[in-house]
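This report is an introduction for a reader new to the structure shown below.

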Amino acid sequence: MKPQVAVVGGGWAGCAAALTLVEAGISVTLYEASRTLGGRARAVELKNMTLDNGQHILLGAYEQTLQLIQRLRPPTERDGLWRLPLTLDQPPEFRLACPRLPAPLHLLAGLLGARGLSWREKLAAARWAHAVLHEAHSPDLLTVSQFTRSQPERLRRLLWHPLCVSALNTSPETASARVFADVIRAAFGGRVHHSDLLLPRHDLTTLFPAPAAARLRELGGDVQLSSRVTSLDAAGDAVTLETRTGKARYSHVILAVAPQHVDGLAATVPELASTARDVAGYGYQPIATGYVQYDPDFQLGRPLLALSEGPAQFVFDRGQSHGQSGLLAYVASAASDLRADWLDRAEGQLRRIVEPGSSRWRESIIEKKATFACVPDMARPVVRTAHPRLFLAGDYTAGPYPATLESATRSGVQSAGTLLEQL
Ligand SMILES: Cc1cc2nc3c(=O)[nH]c(=O)nc-3n(C[C@H](O)[C@H](O)[C@H](O)COP(=O)(O)OP(=O)(O)OC[C@H]3O[C@@H](n4cnc5c(N)ncnc54)[C@H](O)[C@@H]3O)c2cc1C
């Protein structure tokens, strides 16, 4: 059978996989269950505005994702992302800004110049960061809380633990120290721009999944929206997929669904039993995004601010990043015990710093299974399965990053590459 590949799942992993295959000259059909591409990083329409299912932020180290985004944008429109040198601004208590020096000097200089830390705390932070960057610790089975135990309490509270929650979406008490150390090394151990923060300037579907689908169609590929794959038969010399409109046969299939959806499709394929077992053991963590519209003239002093004492860790100014004047997005990660009044309390956190005035409307989106809980010693499957025609892609597959856009796009490109090698 001539190679004909189906990619199941139109999140960032599936879009990256489908794009890689079609650009290699392979016939591809992308199936997405919902009406919108992007999965857990997609546009939503709310209050006659295009918002996101959750405010996202990217790191300069997300090289695969950045390359895909930039490559698909027309040369005249290269402003899809707003690049900011790393600054953690939590007024009035704390501010860390990394100057443009070669890495990791920029982090060391940032820590030594941080506002709100004593000299003892600054030196302790710089020494610890240096040890992590030089892999002096081997934190394989530790949690982040155990890993940071030697650090002064204020440093853990102001810096390391908020970084852990926002990067791994898992509380320091249960988060994997190894993955946390990998993120620190990726951000601060390479080039100076790897620690930059990148804010989307467009909704998340426009940023990558929509241009990827447009390119796919341009090259003869097919994108089927509102097409949930309900079963998969891989017993013969092809793989048959079933949707509500009928059955179709493919030479190969990339399963690019979220880990909690693997089980339903893997049930009929004995070769996927070990993958299904791995993901059955996962826990999940929510992320809440609260959109609050204030007077359009209101803006924050910076495009994003860190907030202390929960429930939100960050507030983003969508007026500055997206031109949505007066609209703020409050983000609460690892939000497993979020109370019904969380957005009132998040607004209270901001009011301790600045008075935004009264709100005109407020909407909260809670993604209950935003990411897998990134705990020590997780079983993360590789993209090649025991079945020669079936491959995996998704943020949960084996890789150095926690559940992020980068782990999704890397896995998609890698899965497509592994499939191509096999042809
Ligand atoms: C609120 C929120 C905030 C986040 N913030 C950040 C951030 O700031 N930075 C960052 O890097 N990451 C962040 N993440 C994580 C990031 O969004 C995910 O890691 C990434 O989007 C996962 O992509 P994926 O393609 O692996 O999976 P998904 O996005 O889950 O894609 C899977 C797709 O498969 C589809 N599907 C499922 N079953 C079927 C089926 N049977 N047939 C057809 N289609 C099917 C689904 O509809 C979905 O579109 C955040 C996530 C959330 C939810």
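## Domains

The domain bounds used here come from an automatic or database domain assignment. The model itself is predicted. Its protein chain is divided into domain 1 (4-44 + 61-72 + 202-282 + 375-422), domain 2 (86-195) and domain 3 (284-372).

The centres of domain 1 and domain 3, taken over C-alpha atoms, are separated by 31 Å. Domain 1 gives 7 residues to the contact and domain 3 gives 6 residues. On the side of domain 1 that touches domain 3, 5 residues are nonpolar, 1 is polar and 1 is charged.

## The chain as a whole

The protein chain contains 14 helices and 20 strands. Along the principal axes, its C-alpha atoms fill a box of roughly 65 × 50 × 45 Å. A compact globule of 423 residues would have a radius of gyration near 22 Å, and the protein chain agrees with this because its value is 22 Å.

Of the 423 residues in the protein chain, 49% count as buried. Among the contacts with a separation of 6 or more, 69% are between residues 24 or more positions apart.

## Around the ligand

Which residues are the closest to the ligand? They are Gly9, Gly11, Gly39, Gly54 and Thr404, and 37 residues surround the ligand in total. By class, this shell has 18 nonpolar, 14 polar and 5 charged residues.

Four elements each supply at least two residues of the shell: α1 (12-23), β15 (284-293), β19 (361-372) and α14.

## Helix α14

Helix α14 covers residues 405-422, and α14 is one of the elements that supply at least two residues of the ligand shell.

## Cis peptide bonds

Proline 91 and proline 92 are joined by a cis peptide bond, with omega at about 0°. Proline 92 is in the loop between β7 (87-90) and β8 (94-97).

Another cis peptide bond runs from glycine 310 to proline 311, where omega is near 5°. Proline 311 is in the loop between β16 (304-306) and β17 (314-317).

## Positive phi angles

Lysine 47 is not a glycine, yet its phi is positive, at about 50°. This residue is in the loop between β3 (43-46) and β4 (49-52). Lysine 47 counts as exposed because it has 12 C-beta neighbours inside 10 Å.

Asparagine 48 also lies in the loop between β3 and β4. Its phi is positive too, at about 60°, although asparagine 48 is not a glycine. With 5 C-beta neighbours inside 10 Å, asparagine 48 therefore counts as exposed.

Note on methods. Residues numbered from 1 in each chain as written. Predicted model: local features only at pLDDT ≥ 70, side-chain atom pairs only at ≥ 80, totals over all residues. Expected span 1.5 Å × (residues − 1). Near = placed C-beta within 6 Å. Nonpolar A, V, L, I, M, F, W, Y, C, P; charged D, E, K, R; others polar. Rg over C-alpha atoms; globule rule 2.2 N^0.38 Å. Buried ≥ 20, exposed ≤ 12 C-beta atoms within 10 Å, placed from the backbone. Contact = placed C-beta atoms within 7 Å.
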